[in-house]
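Hi,

Here's the structure I said I'd pass on.

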Amino acid sequence: MSGSLFFYIVVVLLLGLCTVCGYLYWRLQLLENRRDSLTAMYLDQQQQQISTLQRDLSRLMARLEQQTRSEPASLSPYNQAIEMIKQGIPASEVASQCGISRSEAELIISLYRNNSTS
């Protein structure tokens, strides 16, 4: 009798183990499906952000190209500074009006002076 009781206990334990394994497998499948859907959603968001950045970059490149075509090279801050220095305007005013540092304006003055004496 103890042999058949042992057999029944082993069978019940095996059935319980199979049930637990089945449940764990089912949960694993659910988690994998959720992971896949989250990954797909994340990739979609990343693709949308990339598309937006590409569109913004194209707009900025077009705007830069348009500005480059519409503004002659003589309007660069440094060319403006040279013209102002030729007019005798002091370095501090040149710097503030051209959007350059005072040391840059002073450097342009010294270069212009060295250049004009040659």
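Along the sequence the protein chain reads α-α-α-α, that is, 4 helices and 0 strands. Helices here are DSSP runs of H or I with at least four residues, strands are runs of E with at least two, and both are numbered from the N terminus. Bear in mind that this is a predicted model, where local features need pLDDT of at least 70 and side-chain atom pairs count only at pLDDT 80 or more, while totals for chains, interfaces and linings use all residues. Residues are numbered from 1 along each chain as its sequence is written, and side-chain values use heavy atoms, leaving out hydrogens and water.

First, the chain as a whole. Of its 118 residues, 10% count as buried (buried means under 20% relative accessible area, exposed over 50%, partly exposed in between, with a 1.4 Å probe and protein chains only). The accessible surface comes to about 10000 Å², and 61% of that belongs to carbon and sulfur atoms; the areas are from the Shrake-Rupley method with a 1.4 Å probe, and for residues only the protein chains shown count as cover. As for contacts (heavy atoms within 4.5 Å), take those between residues at least 6 apart in sequence: 24% of them join residues at least 24 apart.

Now the helix pair. The axes of α2 (residues 77–86) and α3 (residues 91–98) come within 10 Å and cross at roughly 150°. Axes are lines fitted to C-alpha atoms, for helices over the stretch in contact, with angles from 0 to 180 degrees between N-to-C directions. The two helices are therefore roughly antiparallel (over 145 degrees; under 35 is roughly parallel, 65 to 115 roughly perpendicular and the rest oblique). On the α2 side, the contact is made by Pro77, Gln80, Ala81, Met84 and Ile85, and on the α3 side by Glu93, Val94, Gln97 and Cys98. By type, these residues split into 6 nonpolar, 2 polar and 1 charged (Ala, Val, Leu, Ile, Met, Phe, Trp, Tyr, Cys and Pro are nonpolar, Asp, Glu, Lys and Arg charged, and the others, Gly among them, polar).

- Met84 sits in α2 and is buried, at 11% relative accessible area. Leaving aside residues up to four places away in sequence, Met84 touches Ile89, Glu93, Val94, Gln97 and Cys98. Met84 and Cys98 are 14 residues apart in sequence and 9.3 Å apart, C-alpha to C-alpha.
- Ile82, also found in α2, is partly exposed at 28%. With the sequence neighbours up to four places away left out, Ile82 touches Ile108 and Tyr112. From Ile82 to Leu111 there are 29 residues in sequence and 9.7 Å in space, C-alpha to C-alpha.
- Leu107 lies in α4 (residues 102–117) and is partly exposed, with a relative accessible area of 48%. Leu107 and Ala91 are 16 residues apart in sequence and 9.2 Å apart in space, C-alpha to C-alpha.

Cheers
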